[in-house]
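Here is a short report on one protein model and its ligand. Please read it alongside the coordinates.

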Amino acid sequence: MVQSVLTVDLAALRHNWRSLASCSDAEAGAVVKADAYGLGAGRVANMLAKEGVRRFFVALTEEGAALRKAVGSGPEINVFSGHMPGDAQMLKAAQLTPMINSIDQMLRHVESLPGHPFGIQLDSGMNRLGMEPAEWSALREIALAQQPTLVMSHLACADEPDHPMNAHQLNVFRQMTDGIDAPRSLSATGGILLGPDYHFDVTRPGIGMYGGLPFLDAQPVAHLHIPVIQTREVDAGESVGYGNTWVARHPTRVATIAAGYADGILRAMGPKAYVFADETRCKILGRISMDLICVDVSELDAVPDMVELLGVHQGVDSIAETAGTIGYEILTSLGGRYERRYID
Ligand SMILES: *Cc1c(COP(=O)(O)O)cnc(C)c1O
């Protein structure tokens, strides 16, 4: 057996959600798009529903339908992409709430699902998704008359607290929504940490619950342990891996571990990244292959059965940095070949 083990610490996730929820008086929802950032939307959402989460957020209608099966009929499930052609039946059957992003979506929604709940997504400057101020002015009274369950927008720079874009978007969102009766939502993890001005009625934490930045106090949730298949002694002058990119300067003990870029361990990490054997850092040698990685275990007295790539010694953001990316991409890249264990 050389299956790597991805352990999802639901107790840590619960702790992180509680900490983010307690930062504000607003109702804390939970974003579980992309299979809960790769960690298993069904398991994660069920735990959070028990914790009291009443609103979940997903990106796609199909994700919402799968989530509905997992959590049952209670919580509201909001779909960021809104009401797209062909969605009506699934939105209805799974009782999903589309976030309406345009006048076209609004028309489609009232024609195909009259009386079905919806929310509104506004674009306050990110120019990605949602109605712009002019579009919103045209639709506002008609839409509000039908009592949207939520009116939301999204911040582009919330992970940079000093960025002037934050205050700018806050202003625009206020101008677009001050005085309305519907609950309002502006903040994901980063916005929650910007303080109460940004909280409104509902928050939408994602990455912080899963142990990632910008939530500095997050406990690690994903732990990845990879089995060692083989070790060998490599003499000075010999190379390791594809393309001979690493050449030993002195005799080196090399362990080959059973995971690679097919498992979401990005090739770009190779030259800078380490794994941990208990407390000892072991450098990745040469290129990361599809299913295998070689690491330097010269420092170890004994080579363990498994080494750690993600966990207490190395979080998603430090490993992300070695590949020039962000924790979000590391989590959502985690592959399908791992044995997944949930601890609570
Ligand atoms: C992904 C997403 C979130 C969650 O963001 P985090 O940074 O992971 O907390 C919230 N709102 C919207 C619109 C999103 O796309």
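## Sheet, lysine and ligand

F56 has I77 as its bridge partner in β5. Strands here are DSSP runs (E, at least two residues), and helices are DSSP runs too (H or I, at least four residues), numbered from the N terminus. This is a predicted model: local features need pLDDT of at least 70, side-chain atom pairs count only at pLDDT 80 or more, and totals for chains, interfaces and linings use all residues. Residues are numbered from 1 along each chain as its sequence is written, and side-chain values use heavy atoms, with hydrogens and water left out.

Strand β4 (residues 55-58) and strand β5 (residues 76-79) run parallel, joined by four bridges. Two strands count as paired if DSSP finds at least two bridges between them. The open sheet has seven strands, in the order β3-β4-β5-β6-β7-β8-β9, with parallel pairing. Its edge strands are β3 (30-31) and β9 (184-185), and each pairs on one side only. Helix α6 (residues 103-112) packs on the sheet. The helix touches β6 (96-100) and β7 (119-121), and its direction makes about 145° with that of β6. Such angles run from 0 to 180 degrees between N-to-C directions, with axes fitted to C-alpha atoms, for helices over the stretch in contact.

K33 lies in helix α2 (residues 33-37). An unreviewed UniProt entry places the feature "modified residue: N6-(pyridoxal phosphate)lysine" at K33. Such annotations may be inferred rather than shown by experiment, and their positions follow the numbering used here, with feature names shortened. Leaving aside neighbours within four places in sequence, K33 is in contact (heavy atoms within 4.5 Å) with F57, V58, A59, E63 and F80.

Is K33 buried, partly exposed or exposed? K33 is partly exposed, because its relative accessible area is 28%. Buried means under 20%, exposed over 50%, and partly exposed in between (1.4 Å probe, protein chains only).

Now the ligand. It has 14 residues around it, of which K33, Y37, T189, I207 and Y328 come nearest. A residue is near if one of its heavy atoms lies within 4 Å.

| Residue atom | Ligand atom | Distance |
|---|---|---|
| K33, side-chain N or O | oxygen | 2.7 Å |
| R204, polar side-chain atom | nitrogen | 3.0 Å |
| I207, backbone N or O | oxygen | 2.7 Å |

The cut-off for a polar contact is a pair of N or O atoms within 3.5 Å.

G237 sits in the loop between β11 (222-234) and β12 (239-240). G237 is exposed, with a relative accessible area of 56%. Not counting residues up to four places away in sequence, G237 touches V247 and A248.

How values were computed
A polar contact is a pair of N or O atoms within 3.5 Å; within protein, one must be able to donate a hydrogen and the other to accept it, and residues adjacent in sequence count only if both atoms are side-chain atoms.
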